[in-house]
Amino acid sequence: MIQTKLLMVTACAVGLSACTDYEGGLGRGYPSDKTFDRGIDKKHLSQLQAGIWVDPNGCDHWIIDDGVEGYLSARLDKFGKPVCSGVAPPTHTAGDFKGGSSIKDPN
């Protein structure tokens, strides 16, 4: 009975340790601020060049590729609704979304 309780307490402690504001656990990793690229060529994401990827439904998503990591988020209007501009055919991209990084991407 005591072993079962000890196992449950340990499992809960390990599970709750994932609820930290840091990637990699408390005392390790980076803050969860996703606006900063922490890779080889560290910089704020605003210094990278964004493009637009059009999903299969025809709606736009901001896309950034710095050669190692990639970033994608839905393009929304001021009311929070998806923007579907028709800037490119579905599943295609528009713009130099690989620009702003010194790391060359083979694709």
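This is a short chat about a predicted model of one protein chain.

User: What should I know about the model before we start?
Analyst: It's predicted, so local features need pLDDT of at least 70 and side-chain atom pairs count only at pLDDT 80 or more, while totals for chains, interfaces and linings use all residues. Residues are numbered from 1 along each chain as its sequence is written, and side-chain values use heavy atoms, with hydrogens and water left out.

User: OK, how many helices and strands in the protein chain?
Analyst: One helix and six strands, in the order α-β-β-β-β-β-β along the sequence. Helices are DSSP runs of H or I with at least four residues, and strands are runs of E with at least two, numbered from the N terminus.

User: Where does His61 sit?
Analyst: In strand S4, residues 60-65.

User: Buried or exposed?
Analyst: His61 is buried, at 14% relative accessibility. Buried means under 20% relative accessible area, exposed over 50%, partly exposed in between (1.4 Å probe, protein chains only).

User: And how many salt bridges come up?
Analyst: One, counting a side-chain nitrogen of Lys or Arg within 4 Å of a carboxyl oxygen of Asp or Glu. The side chains involved are Asp60 and Arg75, at 2.9 Å, N to O. Asp60 is in strand S4 and Arg75 in the loop between strands S5 (70-74) and S6 (93-94), so the pair ties together parts 15 residues apart in sequence.
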